[in-house]
Amino acid sequence: MYKLMAIDIDDTLINDDKEVTPATQEALEKAVAKGVVVTLATGRAYASAQALARQTGLNVPIITYQGALVKNLMDEKVLYERYVPLDAAKKLYDFCIERNLHLQTYIDDKLYARELNQKLIDYTTLNGTKYYIEPDFEQLMSKPTPKFLIIDDPDYLDEITPVLRELLGEGVHITKSKPHFLELMHKEGTKGAALEFLAKHFGCDLSETIACGDSWNDHEMLEAAGLGVAMGNAIPQLKEIADYVTASNNEDGIKQVIEKFILNAE
């Protein structure tokens, strides 16, 4: 019997119209009614994720910033938090300035960028996030942040990732949430680490957990869970490591998982 289910938001729980379909919503409610803790696990900021979580009627802690922040929806109490090491933040800032890269940071759940550009506009339009422009961006590097995000061409991001790994060291976790998005967190700021934390929090074994996702930033969570599920629209590398591949986000893939593994309707 599965007791905890963690679901990625973008291209997993929501369809391409950015909606949770009525059929998936009904399945979520049935899973909760059966006593399963259903939570979200997303790279999004808490401010962005909590709106969707509340809309779907969830009232549990949710995993945000790729796992760097786990926060209660009910009283907004922080349960788990990991910040990017400050020395790494400074090195990252210098690296991005040298190469004129678009870098975003999140402080007190607010998104900051150095300047307004099309990358920022497209990103914030995509997930409905408010943004703040801080011309003196360097002074933000001394403030605690759960996540940095670089937006650029996918091939270029692949090229600089090994350079950044060496520059920033083992204290930083680097992953891609989408081809154009390179995300940098504390080494324990992963969805896998956050899922382990929540399993302990709810007193269940990792073998009693389900994790569902579509991108490479979900792989730690799928590997940690008792049942790792890749969406039908997931990247091939994620499908390879998944225990099960469900339908796509446009075909109520999450509903299928709930019916098959929680409600036991084959």
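**Strand pairing and local backbone features of the predicted model**

At 0% relative accessibility, Leu 149 counts as buried. This residue lies in strand β9, which covers residues 148-151. With neighbours within four places in sequence set aside, the contacts of Leu 149 are His 102, Leu 103, Gln 104, Tyr 106, Tyr 123, Phe 181, Leu 182 and Glu 183. Between Leu 149 and Lys 130 the separation is 19 residues in sequence, and the C-alpha atoms of the two are 15 Å apart in space.

The structure is a predicted model. In the protein chain, the secondary structure amounts to ten helices and 14 strands. The radius of gyration of the chain is 18 Å, which agrees with the value near 18 Å for a compact globule of 266 residues. Along the principal axes, the C-alpha atoms fill a box of roughly 55 × 35 × 30 Å. Buried residues make up 56% of the 266 residues of the chain. Of the contacts between residues at least 6 apart in sequence, 54% join residues at least 24 apart. The accessible surface of the chain is about 11500 Å², and carbon and sulfur atoms account for 49% of this area. The chain carries 27 positive and 43 negative charges, and the mean positions of the two sets are 4 Å apart.

An open sheet is formed by five strands with parallel pairing, in the order β2-β1-β12-β13-β14. Its edge strands are β2 (37-40) and β14 (244-245), each of which pairs on one side only. Within this sheet, strand β1 (residues 4-7) runs parallel to strand β12 (residues 209-213), and four bridges join the two. Ala 6 has Ala 211 of β12 as its bridge partner.

A further set of pairings involves β6, β7 and β8. Strand β6 (residues 102-107) and strand β7 (residues 110-113) run antiparallel and are joined by four bridges. The hairpin of β6 and β7 has two residues between the strands, and Asp 108 in this hairpin takes a positive phi near 50°. Strand β7 is also joined to strand β8 (residues 131-133), by three bridges, and these two strands run parallel. The bridge partner of Ala 113 in β8 is Ile 133.

Most residues other than glycine have a negative phi. Tyr 65, although not a glycine, has a positive phi of about 50°. This residue is placed in the loop between β3 (61-64) and β4 (69-72). Tyr 65 counts as buried because its relative accessibility is 1%, under the 20% cut-off. Gln 66 is likewise not a glycine and has a positive phi, of about 65°. Its place is in the loop between β3 and β4. With a relative accessible area of 1%, Gln 66 is buried.

Terms used: Residues numbered from 1 in each chain as written. Predicted model: local features only at pLDDT ≥ 70, side-chain atom pairs only at ≥ 80, totals over all residues. Heavy atoms only, no water. Rg over C-alpha atoms; globule rule 2.2 N^0.38 Å. Buried < 20%, exposed > 50% of the residue type's maximum accessible area, 1.4 Å probe, protein only. Contact = heavy atoms within 4.5 Å. Areas by Shrake-Rupley, 256 points an atom, 1.4 Å probe, with all protein chains shown as cover. Lys, Arg positive; Asp, Glu negative; His and termini not counted. Charge placed at Lys NZ, Arg CZ, Asp CG, Glu CD. Pairing = 2+ DSSP bridges.
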